[in-house]
Amino acid sequence: MKYNKLRNYIGGQAIEYSGPCTDLVSPSDGTILSEVPISTANEVATAVATASAAFTEWSALIPKERAQVFYRYRALLEQHMDEIAQIVHDENGKTLPESRAEVVRAMEVTEFACSLPQLIGGEVLEVSRGVECRLERAPLGVVASICPFNFPIMVPHWTIPIALALGNSMIFKPSEHVPLSAQRVAELLTESGLPDGVFNVVHGSRDAVEALCDHPQIEAITFVGSTPTAKAVYRRATSHLKRALALGGAKNHLVVLPDADVEQTASNALASMAGCAGQRCMAAASMVGVGPIDPIIERLCQQAQAMVPGETIGPVISAAAKERIEGFIAEAETQGAKVLVDGRNVVVEGKEKGFYLGPTVIDHVHEDMRIAQEEVFGPVLCILRARDMDEAVKIENSSPYGNAAAVYTTNGGGAREFIERASAGMIGINVGVPVPLEPFGFGGWNDSKFGVGDITGKSSIEFWTQSKKITSRWPDEK
Ligand code: NAD
């Protein structure tokens, strides 16, 4: 195994673990990389007790003191960029440039966490003659963050630096498919001076997640993953009266108007559908062409054919994911869709056991087909046709999801109309992956998010803190 058997990280160190484990399989070549603990409620209870003990001193620091840890941590992320990117590449399969880009995003959210002392200043007002009201923010206590496989470094950083800098202590449950980078994050936080027990990693899957939802000392939970699990976690956590925010899956539409720029639209759409092997909650899944867009499709197909699996596009996460994606393509084909670029049957020399798929472009997909409705989560772009903006909007609006949507046009009026009518939380105008960077918040609509507010940006401050309102009146000076 390339990596040592993993252990949970509790109280500032990796602790002995002798329970059940699962193999960590490399998506790139099918080899076993490590073994991952499949923790139970016992390990969760140990981590919560440790985090709870650490909370008292950590939360008593003033915000500027806590922020110092994250200045050092950001520097360590930069210093260890290549090492972390290699780990992400090994566990997730994405290319090294994609892995490095994740570390950069993690650094950006950490910078936001460093700026929190400037952002969380309270409010003071004389609300009645001689009566002052003042608002302060306090952390919640022990909180939990549960993450998916597709961004091993970026998605955990949507929560870790912000929740901790605001004074909480945390249990992080990474995806069992990408547990290696979590270990390194924990070590670097300790090296940055974070007191032991403030950040803890518990590996595992469903049992560990359910134990986190059920544990009476956990005050708040964030979840990022598929919609069925997001619903289950949101329901379970809130049934225990916890604060919860659960981000789910996606089915993002790119609407292409007839006046769209050919080169920009084609290359942008390809980057959106095939980047990170299509395993992005912001990936383009369906392109909806309004009127004639054949030159754009032609150019997109040329560029898709030029991508090289194993070099410019990594594998998908598992054999099961590859099989599921190929099943979607085969079904669409039998229903009459036309596969313009076929990414099936790809073999990467020397990595024959990897889970590779090339970019796949499918034309004449109808909105009733399963591939047009469900999340495929692979490098597959469906092309649908619409007579006009009304029909394109109807297709976009009929999706139960609502993470992102984009419009490609050189016409401001068309773009404005799409912004108003699309039912999604993040809109791109000639931008295929419209991720709102700090200080803006990340979050979708509909079945792509359950709970109030966004996971990053200003609403994260609201989520990870509670406000204390102090009303005071002093006797007149004698
Ligand atoms: P997943 O739902 O399978 O797993 C997410 C997490 O939940 C993992 O930590 C996993 O161990 C745990 N889990 C799995 N099954 C569980 C169960 N039955 N009960 C409790 N916990 C369970 O998701 P994934 O396959 O790791 O990630 C891909 C999905 O995440 C896609 O649907 C993608 O769109 C979505 N995603 C969404 C966003 C967003 O911001 N909306 C961001 C990234 C990924």
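**Briefing: cavities, ligand site, cysteines and local geometry**

His80 is buried, with a relative accessible area of 16%; buried means under 20% relative accessible area, exposed over 50% and partly exposed in between, with a 1.4 Å probe and protein chains only. The structure is a predicted model, in which local features need pLDDT of at least 70 and side-chain atom pairs count only at pLDDT 80 or more, while totals for chains, interfaces and linings use all residues. Residues are numbered from 1 along each chain as its sequence is written, and side-chain values use heavy atoms, with hydrogens and water left out.

**His80 and its contact**

- His80 occupies the loop between α2 (63-79) and α3 (81-92); helices (H or I, at least four residues) and strands (E, at least two) are DSSP runs numbered from the N terminus.
- The side chains of His80 and Glu83 make a polar contact at 2.7 Å. Such a contact is a pair of N or O atoms within 3.5 Å; within protein, one must be able to donate a hydrogen and the other to accept it, and residues adjacent in sequence count only if both atoms are side-chain atoms.

**Ligand surroundings**

- The ligand is surrounded by 28 residues, the closest being Cys147, Lys173, Glu176, Ser226 and Glu375; a residue counts if one of its heavy atoms lies within 4 Å of the molecule.
- A side-chain N or O atom of Lys173 is 2.7 Å from an oxygen atom of the ligand, and one of Glu176 is 2.6 Å from an oxygen atom of the ligand.
- A polar backbone atom of Gly225 is 3.2 Å from a ligand oxygen atom.

- The structure has 2 cavities of 30 Å³ or more. On a 1 Å grid over the protein atoms alone, a cavity is a set of points where a 1.4 Å probe fits but cannot get out, and lining residues have an atom within 4 Å of a point.
- The largest cavity holds about 110 Å³ of space, where a volume is the space filled by probe spheres set on the points, and grid points are joined across faces, edges and corners.
- Its lining has 15 residues, of which Gly278, Ala283, Ala285, Glu375 and Phe377 lie nearest the centre of the largest cavity.
- By class, that lining of the largest cavity comprises 9 nonpolar, 3 polar and 3 charged residues; Ala, Val, Leu, Ile, Met, Phe, Trp, Tyr, Cys and Pro count as nonpolar, Asp, Glu, Lys and Arg as charged, and the others, Gly among them, as polar.
- The second largest cavity holds about 50 Å³, and helix α8 (residues 180-191) gives the largest share of its lining, 3 residues.

**Cysteines**

- The whole structure contains 0 disulfides, a disulfide being a pair of cysteine sulfur atoms within 2.5 Å.
- Cys276 is buried, with a relative accessible area of 6%, and its sulfur is too far for a bond because the closest cysteine sulfur, in Cys281, is 10 Å away.

**Backbone geometry**

- Most residues other than glycine have a negative phi, and most peptide bonds are trans.
- Ala277 has a positive phi of about 55°; this residue lies in the loop between α11 (262-274) and β13 (284-290) and is buried, with a relative accessible area of 2%.
- His364 has a positive phi near 60° and is partly exposed, with a relative accessible area of 45%.
- The peptide bond from Glu438 to Pro439 is cis, with omega near 10°, and Pro439 lies in the loop between β18 (426-429) and β19 (449-450).

Key. On a 1 Å grid over the protein atoms alone, a cavity is a set of points where a 1.4 Å probe fits but cannot get out, and a pocket is an open set with protein on both sides within 12 Å along at least five of seven lines; lining residues have an atom within 4 Å of a point.
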